[in-house]
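Please read it with the structure open.

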Amino acid sequence: MFEDITDRKRMENELKKSREQLRDLAFHLQTILEKERRDIAREIHDELGQALTALQLDIHSLKKKLPEDDTILNGKADSMLSLIDITNRSVQRISTHLRPALLDDLGLTAAIEWQFEEFEKRTGLQCDLELYGDDSALEEELSTAIFRIFQEALTNIVRHSGATRVSVRLRLENGGLLLEVKDNGRGITKIQASAPGSFGLIGMQERLYPWGGEVEISGIPDKGTTVRVSVSLDNGAAPDDKNNYHR
């Protein structure tokens, strides 16, 4: 009897240790992935962007030397300039999709505000945004985790909610971070939130594991869904009125 209890305890400890190792590995892989995304985004933006700009300037220079009455060559030059402009916008879109430069240059709050405005323009939904506090003390990895969770929450709204209104609140105060994303859609059920195939929702929770953060997802039928993210910060950023924003 005593040996059975000891073996069971040992197996439980080994299972717990194995889960922690898997989580550590997942976090390590996620960190590597984000670094690669950032490096690729910068290379695409800098290398391709500069090459396209140089090509655009060369074509403008050549176009000035073309006879004005040569409509065929001038038309070709205009078509090339138009194609370069379209490609430039694609480069910007792809690099931003990989990792928005705002996240690295200006921080979490600026990146969330930008993503929120892009979401509002793309979906046409009624949107409210409230930002409060200073994010300058946040770790880069934590800022990335919160931003990716925010993106996933917005993606789920578009795919599943059928909502017409979305509200987002980000607050950094009293040594903690709180992010809330609410919609007025169908409302997620407990079964849906805990379903084995809900990898997006599981991914949200796993992203915060290194900081002991929590992701709570709740819904009311035909009233909407709320995603609530909370993290306790060792070096919490104090509220600063100049960093407050509401719209």
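The points below go from the overall fold to single residues.

1. **Ground rules.** This is a predicted model, in which local features need pLDDT of at least 70, side-chain atom pairs count only at pLDDT 80 or more, and totals for chains, interfaces and linings use all residues. Residues are numbered from 1 along each chain as its sequence is written, and side-chain values use heavy atoms, with hydrogens and water left out.

2. **Fold.** The protein chain has seven helices and six strands. Both are DSSP runs, numbered from the N terminus: helices are H or I with at least four residues, strands are E with at least two. Along the sequence the pattern reads α-α-α-α-β-α-β-β-α-α-β-β-β.

3. Of the 247 residues, 32% count as buried. Buried means under 20% relative accessible area, exposed over 50%, and partly exposed in between (1.4 Å probe, protein chains only). Take the contacts with a separation of 6 or more: 71% of them join residues 24 or more positions apart. A contact here means heavy atoms within 4.5 Å.

4. **Main core.** Which residues have the most contacts inside the largest nonpolar core? They are L108, I146, L177, L179, V181 and L208, in a core of 38 residues. Such a core is a set of buried Ala, Val, Leu, Ile, Met, Phe, Trp, Tyr and Cys residues joined through side-chain atoms within 4.5 Å. Elements that each supply at least two residues include α4 (108-123), β1 (126-132), β3 (176-183) and β5 (224-232). Helix α5 gives the most, nine residues. Apart from this core lies another, of nine residues, among them I44, L52, L81 and L98.

5. **L177.** Look at its partners beyond four places in sequence: L177 touches L108, L138 and I146, and also V229 and V231, among others.

6. The largest pocket has a volume of about 670 Å³. On a 1 Å grid over the protein atoms alone, a pocket is an open set of points where a 1.4 Å probe fits, with protein on both sides within 12 Å along at least five of seven lines; lining residues have an atom within 4 Å of a point. Grid points are joined across faces, edges and corners, and the volume is the space filled by probe spheres set on the points.

7. **Pocket lining.** Of the 24 lining residues, H97, Q115, R148, Q151 and T155 are the closest to the centre. The lining divides into seven nonpolar, nine polar and eight charged residues. Here Ala, Val, Leu, Ile, Met, Phe, Trp, Tyr, Cys and Pro are nonpolar, Asp, Glu, Lys and Arg charged, and the others, Gly among them, polar. Helix α5 supplies the largest share, six residues. Domain 1 (1-98) and domain 2 (105-232) each give at least three; these bounds come from an automatic or database assignment.

8. **Q115.** Q115 sits in helix α4. It counts as buried because its relative accessibility is 10%. Beyond four places in sequence, Q115 touches F147, F150, Q151 and L154. Q115 and F147 are 32 residues apart in sequence and 9.1 Å apart in space, C-alpha to C-alpha.

9. **N156.** N156 lies in helix α5 (residues 140-161). At 18% relative accessibility, N156 is buried. Its contacts, leaving out residues up to four places away, are S161, L201 and M204.

10. **Two loop residues.** Please check N174 and D222 on your screen. N174, in the loop between β2 and β3, has a positive phi near 55° without being glycine. D222 also has a positive phi, about 60°, and is not a glycine; D222 is in the loop between β4 (214-220) and β5. Buried or exposed? N174 counts as exposed at 72% relative accessibility, and D222 counts as exposed at 66%.
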